[in-house]
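I opened the notebook to go through the aromatic rings, the core and the surface in turn.

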Amino acid sequence: MYYNEARNLNDTEYIRMSSFPSDFDFCNISTRYVCGMSVPPLMTARIALEIKKQWF
């Protein structure tokens, strides 16, 4: 288990935490950079759904 050891997260963990698909193409840009600078896709979908429900 990792919970009691100090370590950095790996790219797979960043991708999962940020809700990107595991086969997402980051176009040779740092995975950590893209995940850190973006709004998670599942969050974006939820916001869009709420806008649709309230607007239409």
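Is F26 buried or exposed? I find F26 buried, because its relative accessible area is 10%, where buried means under 20%, exposed over 50% and partly exposed in between, with a 1.4 Å probe and protein chains only.

Before going on, I note that this is a predicted model, in which local features need pLDDT of at least 70 and side-chain atom pairs count only at pLDDT 80 or more, while totals for chains, interfaces and linings use all residues. Residues are numbered from 1 along each chain as its sequence is written, and side-chain values use heavy atoms, with hydrogens and water left out.

Entry on rings. I looked for pairs of Phe, Tyr and Trp rings (centres within 6.5 Å, the six-membered ring being used for Trp; planes under 30 degrees apart are stacked, over 60 edge-to-face, the rest tilted), and the count came to 3 aromatic pairs. For F20 and F24 I noted ring centres 4.9 Å apart and planes at 55°, so this pair is tilted. For F24 and F26 the centres are again listed as 4.9 Å apart, but the planes stand at 70°, so that pair is edge-to-face. Ring pairs link F20, F24 and F26 into a cluster.

Entry on the core. I traced the largest nonpolar core, which has 5 residues, namely I15, F20, F26, V34 and C35; such a core is a set of buried Ala, Val, Leu, Ile, Met, Phe, Trp, Tyr and Cys residues joined through side-chain atoms within 4.5 Å. Leaving aside residues up to four places away in sequence, I list I15, F26, V34, C35, S38 and P41 as touching F20, contact being heavy atoms within 4.5 Å.

Entry on T31. I placed T31 in helix α2, residues 31-37, helices being DSSP runs (H or I, at least four residues) numbered from the N terminus. T31 counts as buried at 12% relative accessibility, and, with residues up to four places away in sequence not counted, T31 touches D11, I15 and F26.

Notes
Helices (H or I, at least four residues) and strands (E, at least two) are DSSP runs, numbered from the N terminus.
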